[in-house]
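Subject: Structure for your review

Dear colleague,

Please find below the structure that I am handing over to you. My notes on what was found in it follow directly after.

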Amino acid sequence: MSRAVVALGANLGDRGSALRAAAQAIAAAPGIRPVASSHEVESVALTLDGLDDTKPRYRNGVVVVDTDLAPQELLDALHRIEDDHGRTREVRWGDRTLDLDVIAVDDLRIDTDTLTVPHPRAGERAFVLAPWLDADPDAVLPGVGRVADLLDAVGDDTERVDEPRLFDAATRTEPDAATEPDAATEPDAGAESAA
């Protein structure tokens, strides 16, 4: 079983509902078990030309899962969830109803035509780092460093959204989930996140 980190984002439609529905779909997918999740954050849209405050703002979050799926199988499962939410891919870094990215899988280094992990730009993006730190205060981006240190270096320009964590007690599958608090269910666990 592998530990994987998945970043979620959306800037079209009901962004919060899309993120929460996607988190539920990830948790329910065969071969995936939810571990921890962040609160949602908002951020300015990032395009190929840089930050663009004329575009709809993004909602972002991070979920941490354990999975029996191989990394490419995990990515394929995430793409199916994106497709179910009307994701299209005409414009690179364009507006989207849902974006799911594999950020890390254990300490693996993968670079294929379809998947690169760790995600090559994760360490530069507060909208990934802040919610990841919220989900896992001890997180480390493999080969790069502690997520807390990376977020300090880039600065946190995200805004926390007043919504529950993306996974809640109902998504947890461990038999003792009701009695063992963790970062996925404790309110205010970890650092405040910002997308």
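Predicted model: local features only at pLDDT ≥ 70, side-chain atom pairs only at ≥ 80, totals over all residues.

Strand 6 and its partners

With 10 of its 10 residues buried, strand 6 is largely enclosed by the rest of the structure. Strand 1 runs antiparallel to strand 6, and nine bridges join the two; within this pairing, Ala-4 has Val-65 as its bridge partner. Strand 2 also pairs with strand 6 in the antiparallel sense, over five bridges, and here Pro-34 has Val-65 as its bridge partner. Strand 3 is joined to strand 6 by three bridges, again antiparallel, with Glu-42 standing opposite Arg-59.

Strand 1 has a further antiparallel partner in strand 7, to which it is paired over six bridges. Gly-9 has Asp-99 of strand 7 as its bridge partner there. Six of the seven residues of strand 7 are buried, so this strand is largely enclosed by the rest of the structure.

Helix 1

Helix 1 comprises 14 residues, 15-28. In general, an α-helix has 3.6 residues a turn, so residues three or four places apart point the same way.

The nonpolar cores

The largest nonpolar core has 28 residues, and those with the most contacts inside it are Leu-8, Ile-26, Val-63, Leu-100 and Val-102. At least two residues of this core come from each of strand 1, helix 1, strand 6, helix 2 and strand 7. Another core, of 23 residues, lies apart from it; Val-62, Ala-126, Leu-141 and Val-147 are among its members. As a general point, nonpolar side chains tend to be buried together in soluble globular proteins.

Leaving aside neighbours within four places in sequence, its contacts include Leu-19, Ala-22, Ala-23 and Ile-26. They also include Val-62 and Val-63, as well as Asp-99, Leu-100 and Leu-166.

Arg-59 is found in strand 6 and is buried, with a relative accessible area of 14%. Its side chain makes a polar contact of 2.5 Å with the side chain of Glu-40. Not counting residues up to four places away in sequence, Arg-59 touches Leu-8, Gly-9, Ala-10, Arg-15, Gly-16, Leu-19, Arg-20, Glu-40, Val-41, Glu-42 and Val-161.

Arg-57 is found in the loop between strand 5 (50-52) and strand 6, and is partly exposed, with a relative accessible area of 28%. A polar contact of 3.0 Å joins its side chain to that of Glu-42. Apart from neighbours within four places in sequence, Arg-57 is in contact with Ala-10, Asn-11, Arg-15, Glu-42, Ser-43, Val-44 and Glu-159. The C-alpha atoms of Arg-57 and Asp-95 are separated by 9.5 Å, these residues being 38 apart along the chain.

Backbone details

Two backbone features deserve a place in this handover. Most residues other than glycine have a negative phi, and most peptide bonds are trans. Asp-106, although not a glycine, has a positive phi of about 45°. Asp-106 is placed in the loop between strand 7 and strand 8 (110-111) and is partly exposed, with a relative accessible area of 34%. The bond between Val-117 and Pro-118 is a cis peptide bond, with omega about -5°. Pro-118 belongs to the loop between strand 9 (116-117) and helix 3 (126-135).

With kind regards

Note on methods: Residues numbered from 1 in each chain as written. Heavy atoms only, no water. Helix = DSSP H or I, 4+ residues; strand = E, 2+ residues; numbered from the N terminus. Expected span 1.5 Å × (residues − 1). Buried < 20%, exposed > 50% of the residue type's maximum accessible area, 1.4 Å probe, protein only. Pairing = 2+ DSSP bridges. Contact = heavy atoms within 4.5 Å. Polar contact = N/O pair within 3.5 Å; in protein donor to acceptor, adjacent residues only side chain to side chain. Core = buried A, V, L, I, M, F, W, Y, C linked by side-chain atoms within 4.5 Å.
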